[in-house]
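Trainee: I'm new to this one, so please take me through it slowly.

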Amino acid sequence: MFGRISGIARNTFREAIRDKVLLILLVFAIVVMGSAKVIQPLALGEESKVIKDLGLGAITFFCVLIAVLVGGRLVYKEMEKRTIYIMLAKPVRRWEFILGKYLGLMAVLFVSMLIMTAGFYIILLVSGIPASAYLLWSLLMTAFELAILTAVAILFSSFVPPIASAVFTFAVYFIGHLTRDLRLLAAMSPSAVVKGISEFLYYVLPNLSNFNIKGEVVHDVLLNPQALALSALYALVYTATLLLISVAIFRRKDF
Amino acid sequence: MSTLVEPVIRTVKLCKTYRSGFRMKRVQALSDLELDVGKGETFGFVGPNGAGKTTFIKILIGLTSPTSGEVRVLGKSPRDAQVKTKIGFLPESPYFYEYLTPSEFLHLSARLSGIPGQDVEVRVRYLLKLVRMEDAAHAQMRGFSRGMLQRIGIAQALVNDPELVILDEPMGGLDPVGRKELRDIIIGLRERGKTVFFSTHILSDVEMICDRVGIVIRGRLVNTGRLSEILTEEVESVEITVKGLTGKFRKVLEKVTQQSIRSGDSLFLTVRNEEEVERVMAIVREARAKISALVPRRKTLEDYFMARIREAERK
Ligand SMILES: Nc1ncnc2c1ncn2[C@@H]1O[C@H](COP(=O)(O)OP(=O)(O)O)[C@@H](O)[C@H]1O
Ligand SMILES: [Mg+2]
C-alpha cells in the first residue's frame, strides 16, 4: 500500500518538476521578492518591513498559484489522457491513487516553498536585514493553508476540467479569506436568501484567514501557540474530509 | 481452488447503457452479453467499430460498472485489487506520461504491481527487450509514434507476468513487423498456459492465433466458438470455370446455378453444394464442354462476419 501510494506520489512530483510552469513560477517568485529592494525611497525601518511582508506574501501567493494551476489538472488530465486506465488496471485502489496524487502535489509545494524561502532569506541577507527565524511561523501556517487548498483543487479536479477547477479553487481561496465578512453579511442582510447563502458559505468553505499571520511575524507581535495549534488541527480535519469526499466521488466514477 | 474449475472470465446477462450528451441520450453498448473464457485460452473478441468491445473490456478491468448483469474475473469482482495482481491490460490507443521515459514508466508499473524491488530492474530490461524498445528506453515518451506507444503498452501489460492478459486492439498502430512480433508474444503466452483475451476488428489477426472467437455486433454476442466450428456451420461454395460452351447449354447452366459470370468463351459459376456441382458436371459432359477450374471456396471469417453484420442491419 505505501509502495503504491509513494509510487504515485513520486510520479506526480516528477511530472510537476519536469513541467516548465513550475520553473517559471519559481523564477517569477524570486524576481518579485527581489523587486522590493528596488523600491528605495523608504525609511530604513520601513524598508525591512516592506521586504519581509512582500517576501512572505509572494511565497504564499506563488504557492497558491502552484496548488491551483498544477492541482487543478492533476486528476482530470489523467482521465483526459486516459493514463488512468493503466493506473487503475494495476493493483492500485482508487483511494490510493487520490492520496498518492495529493501527497505528490504537497511534496511539490513543500520543495517550492523551500526554494522560495531560501531565496527570500538570501534577499534579506543581501539587504542587510536581520533574518529572524520568527518569520518561518508564518510559512508554517501557509503550509497548513496549502494542505487545505490542495485538497480543494483535487476535489474539483476529479470532476471538472482544469480551467474551471482553477477558477473554483481560486474562488474558494478568495472567499475563504473573507469568511468573517460573510458572517457579518449574514447577520446584517435583511434578505433571507442572502442570509442563507452567506451562512451556508461561512460553514462550508474553509476559514483561511486564521492562517494569515504575516502581520504578526513581520511586526514581531507575540503569537498565540494555542490558536496556531487549533488552526493546524482545523487544517488536518478539513483536508481529511475533502479527501474523503474526493475518494467517494472517484470510487463511483465510470471511465 | 474454485478458480481451477471456474472460467477465467465469466459474464452473465451483462448490459451497459451509456447516457451521454446534453439530453442524456441512451446508448445501449452491451445487451445481455454472456461469455465464458477458460484458462489457457486465446480468445479473440471480434466486432466492427462501435460494437461494444472496449466497453466490455473496461468492465472486465473494473474501469466501468455494468448497468446490470454479472461479471467475474479470475473468480472475483473486477474491482477487487487482488485480482489486478494477476491481470495485464493494454488499453486501446494507449497513452502514457509523456514526461517519463519507457524505462521510468516500466519501473513505475513494476512498483505499482508489487514486484519486489530487487527484481524490478531485471524485469524492466527483459520487457524492453521483448518489445524491442531498448534503444528508446531513456528518451522521454513525448513525441513517440503510435506504434512505439503500443509497444510500451504491451510491455507494461506484461510487467507482472499476468495469468490473464487483456488487450484492446493490440495490433493498432503496429507495422507488419510489429504485428508479427506481437503474434509471437501472444503465442508465447499461450504456450506458457496464460489466458489471452483480445479485441480486434481485423479478422486476419484472429484467424492466425485464436483458439476461439466471439463475434460481437451492436453490443450482442452473435456467436462464439472455435474458428473451425463457426466456419463449417456455413455451407461452402465452389467456383467452377467452364470453357467451350454453346449458347443453349450456357442458358441451362445459368439457370441452375446461383451465380454466373460470362467472360469470352468462359463461364464462371458459383454453386453452393456438392449436389449442384454434380448437376453442373453432368450438363458440361453432355455439352462436351470442358471444366478448366474447380475451386472449392471455404467460407472465410470475413464472409461470415459480413453476413452477420448484414443480418443485424436488417433487424
Ligand atoms: N463513455 C461513453 N459515453 C457514451 N457512449 C459511449 C461511451 N463509450 C462508448 N460509447 C458508445 O458505446 C458504443 C460502443 O463503444 P465501444 O465499446 O467503444 O465500441 P468498440 O470498442 O467495439 O469500437 C458506441 O456506440 C459508443 O459510441
Ligand atoms: Mg474499441
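This is a predicted model: local features need pLDDT of at least 70, side-chain atom pairs count only at pLDDT 80 or more; totals for chains, interfaces and linings use all residues.

Mentor: Residues are numbered from 1 along each chain, chains are lettered from A and ligands numbered from 1 as written, and side-chain values use heavy atoms, without hydrogens and water.

Trainee: What coordinates the magnesium ion, ligand 2?

Mentor: B:T54, through OG1, and B:E92, through OE, coordinate the ion at 2.0 to 2.5 Å, where donors are N, O and S atoms within 2.8 Å of the metal (3.2 Å for Na, K and Ca). B:T54 sits in helix α2 (residues 53-61) and B:E92 in the loop between β5 (87-90) and α4 (102-112), so the pair, 38 residues apart, links distant parts of chain B; helices are DSSP runs of at least four residues, strands of at least two.

Trainee: Switching over, which residues are around ligand 1?

Mentor: Among them are B:Y18, B:V27, B:K53 and B:T54, each with a heavy atom within 4 Å. The largest share of this shell, three residues, comes from α2(B).

Trainee: What does the backbone of B:G50 do there?

Mentor: A polar backbone atom of B:G50 is 2.6 Å from an oxygen atom of ligand 1, and one of B:G52 is 3.0 Å from a ligand oxygen.

Terms used
A polar contact is a pair of N or O atoms within 3.5 Å; within protein, one must be able to donate a hydrogen and the other to accept it, and residues adjacent in sequence count only if both atoms are side-chain atoms.
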